[in-house]
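Thanks for sending this one over. Here are my notes, written so that you can follow along in your viewer.

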Amino acid sequence: MFGRKGGFPRQSTAGSGTRVSVVSPAYTIERYSSYYPMNHKNRGKAVIFTHAVFSVPNVKLAAREGGEVDCKMLGESLERLGFEVDIYRDKRLKDILQITEKVSVMDHSNSDCLVVAILTHGDEGEIIYAHDCPYQISSIWTQFTGDRCPTLVSKPKIFLIQACRGNELDSGVKIEKDGVARYSIPTHADFLFAFATIPGFMSFRNTKNGSWFIRELCHELNENGQRYDFLTLLTFVVQKVAYGYESIAPNTPEYHLKKQTPCIVSMLTRLLLFNYV
């Protein structure tokens, strides 16, 4: 199904003055193969950036109580699936970019895939926060495009973002049958990276149990991580968070009985099943 061959990216010219990156990946796979090969020597590296405290000039950000619960759960779930997990706490942006650049130039030839998780505060416009400043998510994932990280060409690169994406709140829509309320779902449910919430909206985190999104993601990885493909798992995560959670804050009405919908943006070209060989 696939064969190995070494090589590094080189430049070729196509058309009038257009520079096109040509990559010789560490292995090749049939163009229309249904599954990503998961039989390399290593599962791959998982990098987790978790933030609890912040020192951002002119911006007041609350400490992320419960964030360490997320970090522990996620690290254990990924290790269970065979990932080599590296955890970095409260890093400044300069350090984050140095770490991800170092990972991007590593030789991933003997790895199945890559996971990068960021557990932090966020804002509108794909903004998330390092310890010392805001930055765009694209400054991370663009380091792993095929021209910059050839040994991950044709391999899945997974980014998990637990952060708010704005300040809007979802009051939900009541589902009724025969005039009787059955359950509540978020306004944006049932529309078809992995983000904790949709653009513009807040995500929720319990100070003792961690965030809704990471908790359900870890549950699915633990229970079904080697049974279903990853997009199916994420669909169940969306379902569990959307239908199974509702904020409880009776003393703060604007945050009471609110809902959340995780958002999955997939550009995968094959099914990703962690036990597939």
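The points below go through a helix pair and then a few loop residues.

1. Please keep in mind that this is a predicted model.

2. Let's begin with the helices. Two packed helices are described by the angle between their axes and the distance between the axes. For helix α1 (residues 67-80) and helix α4 (residues 212-224), the angle is about 20° and the axes are 9 Å apart. Angles under 35 degrees count as roughly parallel, so α1 and α4 are roughly parallel to each other. The crossing in which α1 passes α4 is left-handed.

3. Next, have a look at T197, in the loop between β14 (194-195) and β15 (205-206). Is T197 buried or exposed? Its relative accessible area is 1%, and the cut-off for buried is under 20%, so T197 is buried. The side chain of T197 reaches the backbone oxygen of M202 at 3.4 Å. Leaving aside residues up to four places away in sequence, T197 touches A163, C164 and R165, then M202 and S203, and also Q260, T261, P262 and C263.

4. N58 belongs to another loop, the one between β5 (42-50) and α1. With a relative accessibility of 85%, N58 counts as exposed. How far apart in space are N58 and C133, C-alpha to C-alpha? The distance is 9.9 Å, although N58 and C133 are 75 residues apart in sequence.

5. Most residues other than glycine have a negative phi. D90, however, has a positive phi, near 50°. D90 sits in the loop between β6 (84-89) and α2 (93-104), and its relative accessible area of 26% makes D90 partly exposed.

6. E126 is another non-glycine residue with a positive phi, here near 60°. The loop that holds E126 runs between β8 (122-123) and β9 (127-129). E126 has a relative accessible area of 31%, so E126 is partly exposed.

Key. Residues numbered from 1 in each chain as written. Predicted model: local features only at pLDDT ≥ 70, side-chain atom pairs only at ≥ 80, totals over all residues. Heavy atoms only, no water. Axes fitted to C-alpha atoms, helices over the stretch in contact; angles between N-to-C directions. Helix = DSSP H or I, 4+ residues; strand = E, 2+ residues; numbered from the N terminus. Parallel < 35°, antiparallel > 145°, perpendicular 65-115°, else oblique. Left-handed = near helix turned anticlockwise from the far one by under 90°. Buried < 20%, exposed > 50% of the residue type's maximum accessible area, 1.4 Å probe, protein only. Polar contact = N/O pair within 3.5 Å; in protein donor to acceptor, adjacent residues only side chain to side chain. Contact = heavy atoms within 4.5 Å.
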